[in-house]
Amino acid sequence: NTAISDVGTVMHEIERRLEGLEMPEQYGLLFGGQWETIQDTNRELGMVVLLAIFLVFVVLAVQYERLSNPLVILAAAPLSLVGVSVMLTLTGTPVSAPVLIGGILLIGIVVNNAILLVEYIEIGRRRNGLSVVDAVIEAGSVRLRPILMTTSTTALGMTPLAIGLGEGAEIMRPLALTVVGGLLGSMLLTLFVIPCLYLIINGAAERLGRWLTGRTGIDDPARSGQSVE
């Protein structure tokens, strides 16, 4: 990790010094060696992160058969970056390949918490006939304990690696710091931001659906509080 950081520092200084260099026509600069390998690895991992988000979105869209809920759930992924940024800054850890791998792991873990919350909101609306606001409030109170349990157990399990205990732990330490920081940050934000996003996005989707179909919304069982069964 230190070697990668040193290579990045040296390359930034080289690029700064060569910034004003005038090159003859048909000549250019090509940076190779370790820096080229690091750049290629970061690009490949970036593509893997985007592919992971896309696959998660496809699975959720197929399961829910609409786009509003997957968008709400996937909003938890960028929320986790807040905790990751804070953790990396506090520990002085640079962005590297282990950090990006930890981000890939984090996507699946964080999305699970959002799925728990959104799914229980849907149960409250469709099965129990609650209004949107009541379903959101009940889901937040009921799913608070499971979300705290799943997040805390994963974070505590990663803590020895994040501290750097054991032989060779420094290699996996950036990955563990990424997961722990992202989980702690997303746990708090998910409980507050995801319900608000659900109200906003689903409200907009329902208004758009009524506008396209010409319905007035009076007969919507989720809004009137009547059970759909």
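The legends below describe an overview and several close-up views of one predicted model.

In this predicted model, local features need pLDDT of at least 70 and side-chain atom pairs count only at pLDDT 80 or more, while totals for chains, interfaces and linings use all residues. Residues are numbered from 1 along each chain as its sequence is written, and side-chain values use heavy atoms, with hydrogens and water left out.

**Overview. The protein chain has nine helices and zero strands.** Helices (H or I, at least four residues) and strands (E, at least two) are DSSP runs, numbered from the N terminus. Of the 229 residues in the protein chain, 35% are buried, where buried means under 20% relative accessible area, exposed means over 50%, and partly exposed lies in between (1.4 Å probe, protein chains only). The accessible surface of the chain comes to about 13700 Å², and 65% of this belongs to carbon and sulfur atoms; accessible areas come from the Shrake-Rupley method with a 1.4 Å probe, and for residues only the protein chains shown count as cover.

**View 1. The largest nonpolar core has 40 residues.** A nonpolar core is a set of buried Ala, Val, Leu, Ile, Met, Phe, Trp, Tyr and Cys residues joined through side-chain atoms within 4.5 Å. Among the residues with the most contacts inside this core are Ile73, Val118, Ile121 and Met158. The elements that give two or more residues to the core include α3 (68–74), α6 (132–142) and α7 (144–163), and α8 gives the most, with 10 residues. Leaving aside residues up to four places away in sequence, Ile73 touches Leu60, Tyr64, Val111, Ala114, Ile115 and Val118, a contact being heavy atoms within 4.5 Å. In soluble globular proteins, nonpolar side chains tend to be buried together.

**View 2. A salt bridge joins Arg125 and Glu206, at 2.6 Å from N to O.** A salt bridge is a side-chain nitrogen of Lys or Arg within 4 Å of a carboxyl oxygen of Asp or Glu. This pair links distant parts of the chain, with Arg125 in helix α5 and Glu206 in helix α8, 81 residues apart. Both Arg125 and Glu206 are buried.

**View 3. Glu122 and Arg126 meet through their side chains in a salt bridge (3.5 Å, N to O).** Glu122 and Arg126 are separated by about one helical turn, because they lie four residues apart in helix α5. Glu122 counts as buried at 8% relative accessibility, whereas Arg126, with a relative accessible area of 29%, is partly exposed.

**View 4. Glu13, Arg16 and Arg17 are linked in a network of salt bridges.** Between Arg16 and Glu13, the closest N and O atoms are 2.6 Å apart, and these two residues are about one helical turn from each other because they are three residues apart in helix α1 (residues 2–17). Arg16 is exposed at 53% relative accessibility, while Glu13 is partly exposed at 30%.

**View 5. Leu51, Phe54, Leu55, Val58 and Val62 form a nonpolar patch on the surface.** Together these residues have about 460 Å² of accessible area. Patches are made of residues with over 30% relative accessible area and no salt bridge, like charges being joined within 9 Å and nonpolar side chains (Val, Leu, Ile, Met, Phe, Trp, Tyr) within 5 Å. Val58 lies in helix α2 (residues 34–64) and is partly exposed, with a relative accessible area of 33%.
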